[in-house]
Amino acid sequence: MPTAAAPIISSVQKLVLYETRARYFLVGSNNAETKYRVLKIDRTEPKDLVIIDDRHVYTQQEVRELLGRLDLGNRTKMGQKGSSGLFRAVSAFGVVGFVRFLEGYYIVLITKRRKMADIGGHAIYKVEDTNMIYIPNDSVRVTHPDEARYLRIFQNVDLSSNFYFSYSYDLSHSLQYNLTVLRMPLEMLKSEMTQNRQESFDIFEDEGLITQGGSGVFGICSEPYMKYVWNGELLDIIKSTVHRDWLLYIIHGFCGQSKLLIYGRPVYVTLIARRSSKFAGTRFLKRGANCEGDVANEVETEQILCDASVMSFTAGSYSSYVQVRGSVPLYWSQDISTMMPKPPITLDQADPFAHVAALHFDQMFQRFGSPIIILNLVKEREKRKHERILSEELVAAVTYLNQFLPPEHTIVYIPWDMAKYTKSKLCNVLDRLNVIAESVVKKTGFFVNRPDSYCSILRPDEKWNELGGCVIPTGRLQTGILRTNCVDCLDRTNTAQFMVGKCALAYQLYSLGLIDKPNLQFDTDAVRLFEELYEDHGDTLSLQYGGSQLVHRVKTYRKIAPWTQHSKDIMQTLSRYYSNAFSGNSEVIAIFKTYSEVHFLYVF
């Protein structure tokens, strides 16, 4: 078995870009600045990107000597022995990628970062600032009158707004995936490493490290799940050219971490939201699904719990639970040109064989397994049919698809008109959601990397014995997923996800031996902290998709929100409508590549 550390994504953590007239030299090092790599980028090509990676690992002394020789050589070429021939252009923390419009290529570098969380000793950073540098020299630059316009459009994508990365932890995959891969048998690992390695250079090859059972000391470089990677296209052009240590994959969404003390034991609660880069766009402008089964506002939310007294994946205790939100997987849209507060819902294309829904659920089965549980929160009863259009079509699609699935793997459909129950004085919305949450978590189970605690064997809990998922010698696995949706997948969805997450949190704490029963009450420190995390999570996702913060929060549905909150809710509703109807129209939504040129997808 190899040393159990998270999958290594990029060991280049500190970068310096040096400049000469003919080339850029990108020098990258590990955090300790003991190992270095160098990229040579040609500046004499006006439109092509020419990068040379010698795949050699340098020591600090070797890099100093190399830079000294480059400086001296370029001074001699220029005939200016008294001045420097090698200029330090910029310091950075990672390469976002390379992009070209109508002239030459640009390199996009992360110049400022902020640590947001720590999982098993692996830091997660937020991109705080970036720098975009034009590569070709001015002497070979072929100018184009529209270059500035395209550059301005690209820079409308604010990379300092909720983009996250890690050098040593794969953020595109769940904790369960990352830790399960690490426990694969050695032969399977060797096979996977051979397939992924291609002609890559082992940075430990020349170090003479003692091997463990012939496996060596290495991390696992699993392929990222590209659906949640936002700079994949920008790295594609160099992926086959440079060592994988240079490739830094970035996700978009939310990351938050809080510390909780339970009887003196420190516990980290981490919430990570991965927004899909497929069919991305703002509310009203992106609805439903595309022809490949990708849906609008699709976000995978993972809550990770760890005993902070031991920050190691091998010796520490870790647990996670994953759920998903996303637009109803049908061909539908809303026409905002009518300037109505609630634009009519239109089914754009007949899909009698539920083709697009089938593609969407097929993706989910491949990633999460069975069961797939749909919690549909849209309105069921309306004076004039509006949201109910989606419910009727979704029911028909699920019923049709279930004909072709084995009985034990059919899609579970739970309709619940949350808005109707909210208006009722006799019904408690959160109590009903709690019942749904219990049934869902019992079906899917959750991930934990350690066997059941001895206390749960001595004092077995009835609910614990009914828990689903998959029990393995080293712990438990989550099998299946809850998929929650309303119309916008914002307010109602966030509250429902919070209640399911709260239920799962109780099981997670119980599995780690931190509480004596898998139950958590409101107004406890753990739930208050978790609610704050989920409010931040909901506000962030709502700003990204809807242009405003949450309108209805958990406190709104608990009916304990102060009166001042109602006026804020009205303002948020107006802000969301204005943002979607006016300022969202020219937003750049996604970057994609066609015929080796980068183009932009506008939503009008």
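**Close-up views of a predicted model**

**View 1. Helix 12 and helix 13 meet in a right-handed crossing.** A crossing counts as right-handed if the near helix is turned clockwise from the far one by less than a right angle, and left-handed if anticlockwise. Helices are DSSP runs (H or I, at least four residues) and strands likewise (E, at least two), numbered from the N terminus. This is a predicted model, where local features need pLDDT of at least 70 and side-chain atom pairs count only at pLDDT 80 or more, while totals for chains, interfaces and linings use all residues. Residues are numbered from 1 along each chain as its sequence is written, and side-chain values use heavy atoms, with hydrogens and water left out. The axes of helix 12 and helix 13 (residues 525-546) come within 10 Å and cross at roughly 145°. Axes here are lines fitted to C-alpha atoms, for helices over the stretch in contact, and angles run from 0 to 180 degrees between N-to-C directions. From helix 12, Asn494, Gln497, Phe498, Gly501, Lys502 and Leu505 meet a set in helix 13 that includes Ala526, Phe530, Tyr534 and His537; contact means heavy atoms within 4.5 Å. Sorted by class, this contact holds six nonpolar, five polar and two charged residues. Ala, Val, Leu, Ile, Met, Phe, Trp, Tyr, Cys and Pro count as nonpolar, Asp, Glu, Lys and Arg as charged, and the others, Gly among them, as polar.

**View 2. Helix 9 also passes helix 12 in a right-handed crossing.** Here the axes of helix 9 (residues 429-444) and helix 12 (residues 491-511) come within 9 Å, crossing at roughly 55°. The two helices are therefore oblique to each other (under 35 degrees is roughly parallel, over 145 roughly antiparallel, 65 to 115 roughly perpendicular, and the rest oblique).

**View 3. Val63 sits in helix 1 (residues 60-78).** Is Val63 buried or exposed? Val63 is buried, with a relative accessible area of 5%; buried means under 20%, exposed over 50%, and partly exposed in between (1.4 Å probe, protein chains only). Leaving aside residues up to four places away in sequence, Val63 touches Val27, Tyr36 and Tyr58. Tyr36 is 27 residues from Val63 in sequence, yet their C-alpha atoms are 7.2 Å apart in space.

**View 4. The whole chain has 15 helices and 23 strands.** Of its 604 residues, 56% are buried.
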